[in-house]
Structures are given as structure tokens and as C-alpha cells.
Amino acid sequence: YLGVYLMGAGDATVKFAELWTRSSDETARRDFTALLDDLETNFAARTQELLADDRTDLDIEIDVLRDRLAREGVIATQNGDRT
């Protein structure tokens, strides 16, 4: 998802820079700044979602590996017995 947004932001930046050089259009500047703010908000929210998902994936992998180790008698089960 990030690649698509970054390509779009890059295209918008080039177009804004060209317009600003020619006309110093304050409306375009406000619109472009608002776009950057929206992108920042979106990226922050998506980053938090991805971090939460990554943590969930990690927790699942840890649980699966601990179960396997317990079945193989390498680590103690929750009640302290080796299986």
C-alpha cells in the first residue's frame, strides 16, 4: 500500500512544485499541505495497524513453537512437568 501512496505523493509533489514556480498559487499550497497532512495521518494509522498485526503474528509463532517444544519434552509444560 505504501508504494502506491508514495508514487502518488511524488507525482503530486512534482506537479505542485511546477505550479508553485509559475504562479505561487496559495490555494494550491494549502491543498498540497492538507494532502501531506492527510497522508501523514493515514501512514501513522496504517503503521500502528501493521505493528499490531506483526505482534499478533509473532505471538502465534511463539505459541506454536512452545507447544512443539513441550510435546518434544524440551521445555516444561505450564504445570511444570516435562512431556
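The following legends describe several close-up views of one predicted protein model.

In this predicted model, local features need pLDDT of at least 70 and side-chain atom pairs count only at pLDDT 80 or more, while totals for chains, interfaces and linings use all residues. Residues are numbered from 1 along each chain as its sequence is written, and side-chain values use heavy atoms, with hydrogens and water left out.

View 1. Helices (H or I, at least four residues) and strands (E, at least two) are DSSP runs numbered from the N terminus. Of the 83 residues in the protein, 7% are buried, where buried means under 20% relative accessible area, exposed means over 50%, and partly exposed lies in between, with a 1.4 Å probe and protein chains only. The protein exposes about 6,800 Å², and carbon and sulfur atoms supply 55% of this area, which comes from the Shrake-Rupley method with a 1.4 Å probe; for residues, only the protein chains shown count as cover. Among contacts (heavy atoms within 4.5 Å) with a separation of 6 or more, 34% are between residues 24 or more positions apart.

**View 2. The lengths of helix 1 and helix 2.** The expected span of a helix is 1.5 Å times one less than its number of residues. Helix 1, with 22 residues, reaches 31 Å from its first C-alpha to its last, close to the expected 32 Å. Helix 2 covers residues 26-71, which is 46 residues, and its 67 Å from first C-alpha to last is close to the expected 68 Å.

**View 3. The loop between helix 1 and helix 2, where Ser24 is found.** Just after helix 1, Ser24 takes a positive phi of about 50 degrees, although Ser24 is not a glycine. Most residues other than glycine have a negative phi. Ser24 has a relative accessibility of 42%, so this residue counts as partly exposed.

**View 4. The buried residues of helix 2, which pack against helix 1.** These buried residues are Ala28, Phe32, Leu39 and Ala70. Phe32 counts as buried because its relative accessibility is 14%. On the side of helix 1, where Phe16 is found, Phe16 is likewise buried, with a relative accessible area of 17%. Leaving aside its neighbours within four places in sequence, Phe16 is in contact with Ala28, Arg29 and Phe32.

**View 5. A cluster of Phe16, Trp20 and Phe32 linked by ring pairs.** Rings of Phe, Tyr and Trp (its six-membered ring) pair if their centres lie within 6.5 Å, and planes under 30 degrees apart count as stacked, over 60 as edge-to-face and the rest as tilted. By this rule the count comes to three aromatic pairs. The rings of Phe16 and Phe32 have centres 4.6 Å apart and planes at 5 degrees, so this pair is stacked. The pair links distant parts of the chain, with Phe16 in helix 1 and Phe32 in helix 2. Although Phe16 and Phe32 are 16 residues apart in sequence, their C-alpha atoms are 7.1 Å apart in space.
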